[in-house]
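Here are some brief notes for your first look at this protein. Please keep the structure open and follow the points in order.

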Amino acid sequence: YIKSPEKFRQDYDKLLSFSKELNEKLHGYKILESDRSLLIGCILIALESHAFLKSYKDYSKADDLAKFLVDTAEIQFKNSGIQDQKLKVVKSCFDFIKTDKSLSTVHGILREIITDIDGNVNTFIRTHKYFDVLGQLYIEFLRYANSDKGLGIVLTPPHITEFMAELAEVNKDSVVYDSCTGTGGFLVSAMKLMVKDAKDDQKKISNIKQHQIVGVEYQSKIFTLACSNMFIHQDGKTSII
């Protein structure tokens, strides 16, 4: 039942309505459209740490919590084996959280956002693996902003990326390369098919995630989102360049 298309549709609709609410909330806190997905990515990565999950509610000062959040995400990436150069890019993209007026000075705002993300987005990710959640949120956040249309950023929706991966007959022995990775939607859909084809062979699955998925992204913010996306799918070492 949990893995059925009906349940997915139900949960997906819930995720979409939550993303609209979250977008309005972040708009109210004056957080830039282009920064919103990075904030969510940073939170999702930090929530993978048991120490963070257990103690983030204990922080009474907003700036301390903002620093704890960014530092935790950085440690998580470092522990996953990401190269120093990439880590530097990721860290510089997350650093705005420490200085953002709403997130780092107003008590309770960041904590509330983290709790919302854990209850809504994280639950979805745990149930429905290999779905480009960050891409979906990014689309929602930029729906009313013209900033990225001028840059030519148009993310491919999940039903198309899944269809294309099936059309290309992606299997466990494929090597998948995306020269315009974006948030990693095509790579996530391909990974889903490859892992399914590997049929619980953990050694093969590990090899797929580390060596058979390659992406290139020009913009540092989108690159950070792609790395975050791959990390959320239990893989911090994917070849995203």
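**Notes on the predicted model**

1. Start with the core. The largest nonpolar core has 72 residues. L39 and I117 have the most contacts inside this core. A nonpolar core is a set of buried Ala, Val, Leu, Ile, Met, Phe, Trp, Tyr and Cys residues joined through side-chain atoms within 4.5 Å. Buried means under 20% relative accessible area; exposed means over 50%, and partly exposed lies in between (1.4 Å probe, protein chains only).

2. A word on the model. It is predicted: local features need pLDDT of at least 70, side-chain atom pairs count only at pLDDT 80 or more, and totals for chains, interfaces and linings use all residues. Residues are numbered from 1 along each chain as its sequence is written, and side-chain values use heavy atoms, with hydrogens and water left out.

3. Which residues does I117 contact, leaving aside neighbours within four places in sequence? They are F18, L22, I40, I43, L44, L47 and N122. Contact means heavy atoms within 4.5 Å.

4. Now find N229. This residue sits in helix 13, residues 220-232. Is N229 buried or exposed? N229 counts as buried because its relative accessibility is 1%. Not counting residues up to four places away in sequence, N229 touches D132, V133, L134, G135, T183 and V188.

5. Next, the cysteines. A disulfide is a covalent bond between the sulfur atoms of two cysteines. Here the cut-off is a pair of cysteine sulfur atoms within 2.5 Å. How many disulfides does the structure hold? The count is 0. Take C42: the closest cysteine sulfur, in C93, is 11 Å from its own, so the two are too far apart for a bond. C93 is in no disulfide either; the nearest cysteine sulfur, that of C227, is 9.5 Å away. C42 is buried, with a relative accessible area of 0%. C93 is buried too, at 10%.

6. Then the overall fold. The protein has 13 helices and 3 strands. Both are DSSP runs, numbered from the N terminus: helices are H or I with at least four residues, strands are E with at least two. The radius of gyration is 17 Å, close to the 18 Å that the globule rule gives for 241 residues, so the protein is as compact as a globular protein of that length. That radius is taken over C-alpha atoms, and the rule is 2.2 Å times the number of residues to the power 0.38.

7. Last, burial across the chain. Of the 241 residues, 51% count as buried.
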